[in-house]
Structure formats: structure tokens, C-alpha cells
Amino acid sequence: MNYIGSKHRLGDFIKSTVSEVVSEDLSQMIFCDLFAGTGSVGRKFKTSVKSVIANDIEFYSYILLKNYIENHQHLESEALLVELNNLQGKTGFVFEEYSENGEAGRLYFSEANGKRIDAIRQQIDNWKLNKKIGENQYFFLLASLLESADKVANTASVYAAFLKKVKPTAQKELKLQPAKFELTAHPHKVFQKDANQLIKEIEGDILYLDPPYNARQYGANYHILNTIAKYDTFAPRGKTGLRDYYRSNYCRRKEVEKSFRELVENARFRYIFFSYNNEGLMPSEEIKKVMSRFGNYDLVTRNYKRFKADRTENRNHTANNTTEYLHILEKK
């Protein structure tokens, strides 16, 4: 999945840095990813630590995390995927509001794929209501649908806009692919809460922070995924069919430093690793100032390619590469 701020390509760098800084046995530690997104960092640590706590306020992220992080034992799913892939498309909310030839005229999906999403999504809810599937299978199937739908979406990258014509990749038939997760002996826990509230309720050993770093709100950029995940009834707004969405203080220049300071202060974790980049709302010196108040501070950096949407759209930043800062705190 193309995802703003994704740490998929930086996962090895983050894990190796954590391993170097934390000299103790990771297998006995609790690792928390507080702004987990698609769960790529938590998955890197899932098989190496005692337990992972993962959180994200966005509902589509919560679905992905419930599968990729909280699911940890084998599920019977092959027959379910076959049955869902054999369904005939249905006229439903996604088709009418977000698909080619739908009533609203929005081109996020081809006509066939919009109807397939509706059919699969309705069947998953029907199975859950009739107890044919349990909660773990439910989140596995929903995560599989979100990722498979994203692969055939008619967008440049995010869902802030759709393309004027259905591109070749969006014309391919949606096929439900399994959202495979790692098996572990120990359980894990997933939340959907405001990070600054949740931090007061949890504790552990290693806290990884990867909040939004600019003014773009995730709820607006990925509203279609929230709509598929929730499959609720609402009146989509405007040309892009927006729904109401959560607005993070980490996307607000006047609020971000205060929110970050309170988060670090309330964290009951010995080690804190904070990912940010050189184009974020908070300057590095401000981050250093905040974190240094609470213990021993250090910093490592890594250059990497910019997220695709930033390279292709008319943004303030035009460079092809950006610098990831991993701020490190051993809290006293």
C-alpha cells in the first residue's frame, strides 16, 4: 500500500538502531508503536519482542493492525477467500458513491471493482452476523479487502482525489489476496485511541513514535479506506466524497510542540524512539530541547527517497530525497 510516511523501507534501519541502543534482551520487552499506520514497524518487532502494543486513531489502520499485529495464531481462511472471490458484484454504497457509472460520478474504482467491493464487504458482515466467522477471521478478511481494493484504486497515490479516467491498473479485476500475518506464541494488543490519551493508560519498555509530520490529515487522504472499513451510511461531501474525519494536533503547527511535550512527559517507557523528517512542522532543535528535558538524548539519521505523491504533485518540497531523523531518549 502506498502510504504517506510509511516506514517499510526504513524498517531494518529502525530495528537495528533499537537493537544497538537497547542492550537488554528484546524478547523480554514490550514494544509500543503509538502511531502505527499500516503496522510495518510493529511487524518488524512482532517476532522479536515479548509483546507489541499498536495504536492508530484511524479506523482503517485499526483494522489492519488487528490483523497484522493482534492476530498471531493460525486461521482457517482459504475456503473463505475462494468463496468471496467467486461472488458476483452487487450495486451498493461504494459503487454508487465512488465508482465508475455510479450515481455520484466519482471514479475511485471501476464499475466492476466497485460492485465487487460492495459484494465482498456485505458478505463479510453477513458471515460475522451469522457467526460463520469469528472476530479474528473478520479482521483478517477486512484487512485483505482493504489492501486488495487499494491495489485497484483509480488514484495517483492517496485518496484526496481520483483520476479523470480509469487507469489500466484500476481496470484489473479485484482479487482478494490474503493479508498474511506473523505467528507468535505471545499475544499482542491493538487500540484505536488518541495517542496522547492512550499513553496515560499503558506502559512498557520501548516506545516508537511516528506521528504525522506535516499539515496533511490522514483522515482526508485515506477517507475511502475508512468508508470501506466502516461500511456505514453517511452523506459524502463535495467532489471527492469526503466523510467527517479526525484532525490530529500533530498536523497543526501551533499545537504540535505542546502535544509532543505532553506525550513524552506522560510516557512510562524507558526508551523512546521518535521518527521525524527534515521537512516536519517541528524543527530538530525543538525536538532535542523537548526530549533532553526527560533524560539522555541522541540522534541518528538516514536519507531515503521521498513518498511518491510528493514527487509527482505540486508540493512546497521538490527534492527527490528526504532525511529521516530518529531521535532517541533514554528516559530518567
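Is Phe274 buried or exposed, and what is its relative accessible area? Phe274 is buried, with a relative accessible area of 0%, where buried means under 20% relative accessible area, exposed over 50% and partly exposed in between, for a 1.4 Å probe and protein chains only.

**Basis of the model**

This is a predicted model, in which local features need pLDDT of at least 70 and side-chain atom pairs count only at pLDDT 80 or more, while totals for chains, interfaces and linings use all residues. Residues are numbered from 1 along each chain as its sequence is written, and side-chain values use heavy atoms, with hydrogens and water left out.

**Aromatic pairs**

A search of the whole structure finds 17 aromatic pairs, counted where rings of Phe, Tyr and Trp (its six-membered ring) have centres within 6.5 Å, with planes under 30 degrees apart taken as stacked, over 60 as edge-to-face and the rest as tilted. The rings of Phe274 and Tyr276 have centres 5.2 Å apart and planes at 25°, so this pair is stacked; Tyr276 is buried, with a relative accessible area of 3%.

Tyr218 and Tyr222 are also a stacked pair, at 6.0 Å centre to centre and 25° between the planes, and both residues are buried. Ring pairs link these two tyrosines into a cluster that also includes Tyr60, Phe93 and Phe234.

**Helix H3**

Tyr60 is one of the buried residues of H3.

Conventions. Helices (H or I, at least four residues) and strands (E, at least two) are DSSP runs, numbered from the N terminus.
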